[in-house]
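Hi everyone, thanks for coming.

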Amino acid sequence: MTTPFYSADCAANSGIQPRAGKALCSVSGTYTTLTKLIANDIIHMVKIPAGATVLDIIFDCAVMDASAALTLSVGYTGANTAFINVSTVGQAGGIERISVAGGTQKAFTADDTIQVKVGTGPTDTTLGAMKLTVLYTMDP
Amino acid sequence: MATTYYSPDCKAGNNVIPRAGAGLCSVSGQFNIATDGAGVAFVDEDVVQMVKIPAGATVLEIIMDVPPLDSSTGLVWAVGDGDSAERYMTGQTAGRSSAGGIARLGVAGSSQYASYTADDTIDFHITTVASGTAAVTGILKMTVIYTFDA
């Protein structure tokens, strides 16, 4: 016989309170490269406040390396691949969302930034813009 | 000649009022297999009620983050609600081969589902049990983004 399981949110008496502290926040940042990126460069894209729980990340990157070497990760201080790990999205350009298993619902206890870190630097010298949007909540 | 089409939201005079009642809501839930599930491996047709969704909500997006659930490649899961177990995601295979993953709302036509006339839950549903070793630890996480706007 199968078992119904419940997350804490669905446990008895946890209560639905529509529009009571369920608001969603967003922060967006754009950075246009000024010089060719190199390995281990870090770009601080947006600030994230203490108390925030990150729900989703949208990373939009222009074509920066048609020679297909560039890799980029998205994370935060001390965990540079926490949200997107070694993406090739910057080679041909595109959009990538949070994709690291377990990376959703990260709760921050101190102010931090959401950062793009260069893994392998590009071969080409193409400059371009990267845009990052974070959806988060301040709900406990 | 190509045609420009308009959704009802974009038709002239259809009152776009920026930030007037246009708020987004979110609800997130986690299920720890080891503690909330007492370390019992999922079996076929198990259901985990992950988050509550209130009457009147319009579901816009669902993000399902799963840990490794199957050492082999048999596991299949879905996401739905009390009326339709596979309303939002079907045939999902993230969690196979000892690797976690993230999946999103993907059933065509399921976005903007707005027929919740009563409170319900958004559920994770095992549709095919693991064929290898099934996980007895790990955390399932779900986030639902929704609105109450008419």
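**Strands and their partners**

Let's start with one pair of residues: C61(A) has G94(A) as its bridge partner in β7(A). A quick word on what you are looking at: this is a predicted model, where local features need pLDDT of at least 70, side-chain atom pairs count only at pLDDT 80 or more, and totals for chains, interfaces and linings use all residues. Residues are numbered from 1 along each chain as its sequence is written, while chains are lettered from A and ligands numbered from 1 in the order in which they are written.

Strands here are DSSP runs of E, at least two residues long, numbered from the N terminus. Two of them pair if DSSP finds at least two bridges between them.

Back to our residue pair, then. Strand β7 (residues 94–97) of chain A and β4(A) are paired antiparallel, with 4 bridges. β4 covers residues 53–61 and is also joined to β8 (residues 106–107) of chain A by 2 bridges, again antiparallel. In that pairing, K106(A) of β8(A) is found opposite V54(A). And β10, residues 129–137 of chain A, runs antiparallel to β4(A), with 8 bridges joining the two. Here V54(A) turns up again, with Y136(A) in β10(A) as its bridge partner.

Now for another group of strands. In what order do the 4 strands of the open sheet come? Reading across chain A, the order is β3-β9-β5-β6, and the pairing is antiparallel. β3 (42–48) and β6 (79–87) of chain A are the edge strands; each has a single partner strand, so one side of each has no neighbour in the sheet. On average, neighbouring strands of this sheet are turned by 20 degrees against each other, direction ignored; the angles are taken between axes, lines fitted to C-alpha atoms, on a scale from 0 to 180 degrees between N-to-C directions.

Let's cross the sheet from β3. β3(A) and β9(A) run antiparallel and are joined by 6 bridges, and V46(A) faces I114(A) of β9(A). Is β9 buried or exposed? In this strand, residues 112–118 of chain A, 5 of the 7 residues are buried, so the rest of the structure largely encloses it. Buried means that 20 or more other C-beta atoms, placed from the backbone, lie within 10 Å of the residue's own.

Next, β9(A) pairs with β5(A), antiparallel, over 5 bridges, and V116(A) in β9(A) is the bridge partner of V74(A). Finally, β5 (residues 72–76) of chain A meets β6(A) through 3 antiparallel bridges, where L72(A) is partnered by S87(A) of β6(A).

Technical notes. Buried ≥ 20, exposed ≤ 12 C-beta atoms within 10 Å, placed from the backbone.
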